[in-house]
Structures are given as C-alpha cells and as structure tokens.
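Biologist: I have the model open and some questions about it. Can we go through them one at a time?
Modeller: Go ahead.

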Amino acid sequence: MAVSFLVQQPKMEMKDFFIWRLLSWIMKPDDNRTWFTSTLGDAIYGDDDYTNIITFISDRSKGLVNAIAKVFPSSPHAYCLRHLHANFLKSNGQLGKSLKDECWSLIMKIAYACTSFEYDEAVRSLLATSGQAHYWMFQKSDMSHWCNYLFRGQRWGEMYSNVAESFNAWIREARHLPVCKMVDAIRFKMINMMYNRRNCCLKWESHLCPVIHKKIEVIVEESRCLLIGCSDGEQFEVVDHQSNSVNLCARTCSCRR
C-alpha cells in the first residue's frame with residue numbers, strides 16, 4: 001500500500017526526508033497503519049503543534065483513509081488519479097471503450113480544473129457525454145479528494161502517488177530484509193543518492209535546477225499577454241479570461257494553480 005505526502009515548510013532536514021521516503025511503505029493491517037501514521041506525526045512535529053499542514057496523496061485504501069483522518073484530521077487527503085482511473089473502469093464496465101476513454105478525458109479536465117469556469121464547462125460536457133459516468137463521479141468518487149477546484153488544500157501539482165511507487169521499486173531488495181537492516185540499507189542508498197545529486201547540482205549554470213528553470217521560462221513566455229494591476233506592492237490583479245488576485249508575500253493566487 002503506497003502513500004506520499006507533502007509538507008509545506010521552507011526546508012526539509014535529513015530526518016524529515018528520510019521519514020518522507022519511509023512513508024511510501026506501510027504495513028497492511030489497519031492497526032499498523034494507525035500506529036505508523038501516529039508515529040510519523042510524532043517524528044515530524046515532536047512536542048510542537050501541527051503548524052505545518054501535510055497534504056497526503058494515496059491510493060484511497062480504506063484503512064489508510066481512516067488512519068490519516070484519525071491522526072491528521074486537519075490534513076487534506078488527495079487521491080491518486082491512476083487509482084481513480086482503475087476504479088472508474090471497474091465501476092463503468094458496461095460503457096464501450098471509446099466512450100470510457102472520452103469520459104475519462106473529461107474527468108481529467110475536471111480533475112485539473114482550478115477555476116469555476118473550467119470546472120463547470122467540463123462537468124457539463126461529461127453530463128452530455130454520459131449520464132452514468134456523471135453519476136459515478138458525483139456519487140461514488142469523492143470528488144473533493146481529487147478535483148483541484150474542490151480540494152480544500154494544496155497539491156502543488158502532484159496528482160499521482162508515483163513517487164511512492166517509484167520508491168517501492170527502488171528499495172525492492174531492501175524490503176525483504178529484517179527491519180533494522182532494511183532501514184540501514186535504505187539509509188545507505190539515500191546518502192549515496194544525495195551525494196550524487198549534490199555533485200550534479202554543482203554543474204548547474206543557474207540557481208534553479210534545469211527542469212524548473214525551463215518551466216519558469218515557459219510560464220514567463222505565456223504570461224506576456226496577461227494584464228496586471230498593482231494594488232500595494234504585494235497585492236496584484238492578474239487578468240486572463242477572468243480576474244485573479246495574487247499576493248506575492250503570501251505566495252497565493254485565487255486561481256489556485
């Protein structure tokens with residue numbers, strides 16, 4: 001069973017990074033999940049209050065959903081779209097393949113929608129395409145856990161739990177070791193990974209990693225046609241097909257992208 005999570009904090013220390021990686025592997029019994037999740041909270045926060053909100057992303061396992069809701073009641077819990085897709089196919093087996101593909105394409109638009117305009121338009125299109133898929137989405141899929149427009153937290157663009165799946169594959173050999181040896185084997189792999197990445201970073205020509213640098217260049221180019229109004233140096237109004245409120249100090253935008 002896999003889950004990943006995101007912590008909104010300026011810096012992640014080694015122990016936090018290690019915990020983040022370990023969370024990708026959770027034992028199956030519900031009591032173990034609750035214990036592990038509770039121990040995770042103690043390890044991250046210690047005696048401090050839960051000031052940093054954690055966003056969990058999981059495969060919607062019932063035991064895991066219950067454990068997170070019990071231990072982290074204020075934390076948003078997002079569902080992985082890959083597992084949502086599998087559930088959609090299973091629940092709508094009587095639809096033809098082409099119709100299922102078309103419906104899922106619209107559901108993906110709904111998932112990524114950040115504004116009411118995008119959301120309403122995609123929902124109307126899905127209803128016109130298949131009433132059954134529309135009913136499943138609203139009644140069976142828990143939309144508030146996977147639709148950006150309805151999600152009550154921040155996903156930071158993470159729509160899948162692939163990082164947990166990749167980590168499980170990365171530690172395939174270590175997973176079968178006794179617990180202490182498994183943890184030490186993972187630690188050893190991680191320090192070597194971090195050393196190699198550090199050496200790679202020294203070759204960068206900018207302060208940002210190349211992938212993020214390219215993304216920012218694309219965003220800057222796309223933003224040239226936007227209208228911008230300044231309120232007080234921190235608060236801005238940005239207009240594309242609608243008006244959006246941007247606060248540079250708080251790093252927030254009403255579009256929630």
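Biologist: Where does Trp-156 lie?
Modeller: Trp-156 lies in the loop between helix 7 (131-140) and helix 8 (162-170). Helices (H or I, at least four residues) and strands (E, at least two) are DSSP runs, numbered from the N terminus.

Biologist: And what should I know about the numbering and the model itself?
Modeller: Residues are numbered from 1 along each chain as its sequence is written. The model is predicted, so local features need pLDDT of at least 70 and side-chain atom pairs count only at pLDDT 80 or more, while totals for chains, interfaces and linings use all residues; side-chain values use heavy atoms, with hydrogens and water left out.

Biologist: Back to Trp-156. What is its phi?
Modeller: Phi of Trp-156 is near 50°, a positive value in a residue other than glycine. Trp-156 has 41% relative accessibility and counts as partly exposed. The classes are buried under 20% relative accessible area, exposed over 50% and partly exposed in between (1.4 Å probe, protein chains only).

Biologist: What about phi of Arg-60?
Modeller: Phi of Arg-60 is also positive, near 70°. Arg-60 sits in the loop between strand 2 (54-58) and helix 3 (62-71), and at 27% relative accessibility it is partly exposed.

Biologist: Switching to the whole chain. How many helices and strands?
Modeller: There are 10 helices and 7 strands. Of the 257 residues, 35% are buried.

Biologist: In what order do the strands of the open sheet run?
Modeller: The order is 4-5-6-7, with antiparallel pairing. Strand 4 (227-230) and strand 7 are at the edges with a single partner strand each, so one side of each has no neighbour in the sheet. Two strands pair if DSSP finds at least two bridges between them.

Biologist: How many bridges between strand 5 and strand 6?
Modeller: Strand 5 (residues 235-239) and strand 6 (residues 243-247) share 5 bridges. Bridge partners include Gln-235 with Asn-247 and Glu-237 with Ser-245.

Biologist: What follows on the strand 7 side, and which residue in the turn has a positive phi?
Modeller: Strand 6 and strand 7 (residues 252-253) pair over 2 bridges, and Asn-247 has Thr-252 as its bridge partner in strand 7. That hairpin has 4 residues between its strands, and Arg-251 in the turn has a positive phi of about 60°.

Biologist: New topic, aromatics. How many pairs?
Modeller: The count is 6 aromatic pairs. In the pair of Phe-167 and Trp-170, the centres are 5.8 Å apart and the planes at 45°, so the pair is tilted. The rule takes rings of Phe, Tyr and Trp (its six-membered ring) with centres within 6.5 Å; planes under 30 degrees apart are stacked, over 60 edge-to-face and the rest tilted.

Biologist: Which residues do ring pairs link into a cluster?
Modeller: Phe-88, Trp-104 and Trp-136 are linked that way.

Biologist: Last one. Where is Val-211, and is it buried or exposed?
Modeller: Val-211 is in helix 10 (residues 210-222) and is exposed, with a relative accessible area of 54%.
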